Amino acid sequence: MRAPHVTDLAGVDAAVYGIPFDTATTYRTGPRFGPEAIRSASALIRPYHPVLEVNVVEALSIVDYGDLPVSPGDTERTYGQVEEGLASLVEAGVFPVAMGGDHSVTLAELRVLARKHGPLALVQLDAHADTWDEYFGQRYFHGTTFRRAAEEGLLEPAASVQAGMRGSVYAAGDLEGARELGFTVLESEELRSLGAEAYGAVVRERVGDRPVFVSFDVDFLDPAFAPGTGTPEIAGFSTAEAVAFLRALRGIRLAGCDVVEVSPSYDGPGQQTALAAANVLWELLALRALA
């Protein structure tokens, strides 16, 4: 959207920032380059949202806060850096919009936001629940994020909805682990049957008036629409379906959001994955602008 690069937060309503980190991926690396690709693709986006009838730029003072520092190869040190870098935004009352980076970075975002808001409701659109206990013997990986967040009390699982899960898993009980933590899990077949409006109703019923964090993993989209990601799963959703699900969230109390797992080296020649991610961010900013 050609937002200015600004680090002075006076008068700022929303700050978009990058977390160029992919050490916690388990298959194809590359999301460290996601923020750069999303920024480039966003140059096409115009300010007025004709469906939600809001001029995002007039409603919100939006800046590009740049990238937060990270330490490639050291997930826990990176968490500390992200928490320190994000704290100033949250303390200033600025709406934080993150560009990942792999999905492990969301844990650090939630730590900072939970210190301000208390436990958040999670609205996750993703092919994977990311609630495994360990991956390759490690507790901090992009597949363990929301188990750690629940264990740390950063989320209220009973108020949270994970949707879009599909593809092969390691065992029959993998998704049951998410449900046992208290999350509402809508697998892709159920989500598709529900449709956007019914999905929105489920989310609003669960989250109530709690502060909400929306996390959009670009592998929610089918690889035909978003090939540039590290763990692609077939039989996913189209970009048209994705924006319908996001627009159906109108009315929730957004406290923060992110779009993760864009891996440009696997994208198509038209950078359709980065373009999709940039538009998802615009949809989320439009939801915030309506608040």
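**Notes on a predicted model, for a first look**

1. Helices (H or I, at least four residues) and strands (E, at least two) are DSSP runs, numbered from the N terminus.

2. A word on the model before going on. This is a predicted model, in which local features need pLDDT of at least 70 and side-chain atom pairs count only at pLDDT 80 or more, while totals for chains, interfaces and linings use all residues. Residues are numbered from 1 along each chain as its sequence is written, and side-chain values use heavy atoms, with hydrogens and water left out.

3. On its other pairing, β7 (residues 161-165) meets β6 (residues 121-125) in parallel, through three bridges. L125 sits opposite A163 in β7. Strand β7 is mostly covered, with five of its five residues buried; buried means under 20% relative accessible area, exposed over 50%, and partly exposed in between (1.4 Å probe, protein chains only).

4. Now the whole sheet. It is an open sheet of eight strands with parallel pairing, in the order β4-β1-β5-β10-β9-β6-β7-β8. At its edges are β4 (62-67) and β8 (184-187), each pairing on one side only. On average, neighbouring strands of this sheet are turned by 20° against each other, direction ignored. As background, strands of a sheet pair through backbone hydrogen bonds, either parallel or antiparallel.

5. Strand β10 deserves a look of its own. Seven bridges join β10 to β9 in parallel, and three bridges join β10 to β5, also in parallel.

6. Helix α3 (residues 75-91) lies across β1 (14-19), β4 and β5, and runs at about 175° to β1. Helix α9 lies across β1, β4, β5, β9 and β10, and runs at about 175° to β10. For these angles, axes are lines fitted to C-alpha atoms, for helices over the stretch in contact, and angles run from 0 to 180 degrees between N-to-C directions.

7. How do two helices meet each other, and at what angle do the axes of α7 and α8 cross? The axes of α7 (residues 188-207) and α8 (residues 239-247) come within 8 Å and cross at roughly 45°. The two helices are therefore oblique to each other (angles under 35 degrees count as roughly parallel, over 145 as roughly antiparallel, 65 to 115 as roughly perpendicular and the rest as oblique). From α7, the residues L191, R192, G195, A196 and Y199 meet E241, A244 and F245 of α8. Contact means heavy atoms within 4.5 Å. By class, this contact has five nonpolar, one polar and two charged residues; Ala, Val, Leu, Ile, Met, Phe, Trp, Tyr, Cys and Pro count as nonpolar, Asp, Glu, Lys and Arg as charged, and the others, Gly among them, as polar.

8. R148 belongs to helix α5 (residues 145-151). Is R148 buried or exposed? With a relative accessible area of 1%, R148 is buried. The side chains of R148 and E151 are joined by a polar contact of 2.8 Å (a pair of N or O atoms within 3.5 Å; within protein, one must be able to donate a hydrogen and the other to accept it, and residues adjacent in sequence count only if both atoms are side-chain atoms). Leaving aside neighbours within four places in sequence, R148 is in contact with L107, W132, D133, R139 and Y140.

9. V218 lies in the loop between β9 (211-217) and α8, and is buried at a relative accessible area of 0%. V218 and D126 are 92 residues apart in sequence and 7.1 Å apart in space, C-alpha to C-alpha. Beyond its neighbours within four places in sequence, V218 has contacts that include V260, E261 and V262.

10. Finally, some backbone details to check. E261, in the loop between β10 (253-260) and α9 (272-290), has a positive phi of about 75° although it is not a glycine, and E261 counts as buried at 3% relative accessibility. E53 also has a positive phi, of about 55°, without being a glycine, but E53 is exposed, with a relative accessible area of 62%. G100 and G101 are joined by a cis peptide bond, with omega about 15°.

How values were computed
Two strands pair if DSSP finds at least two bridges between them.
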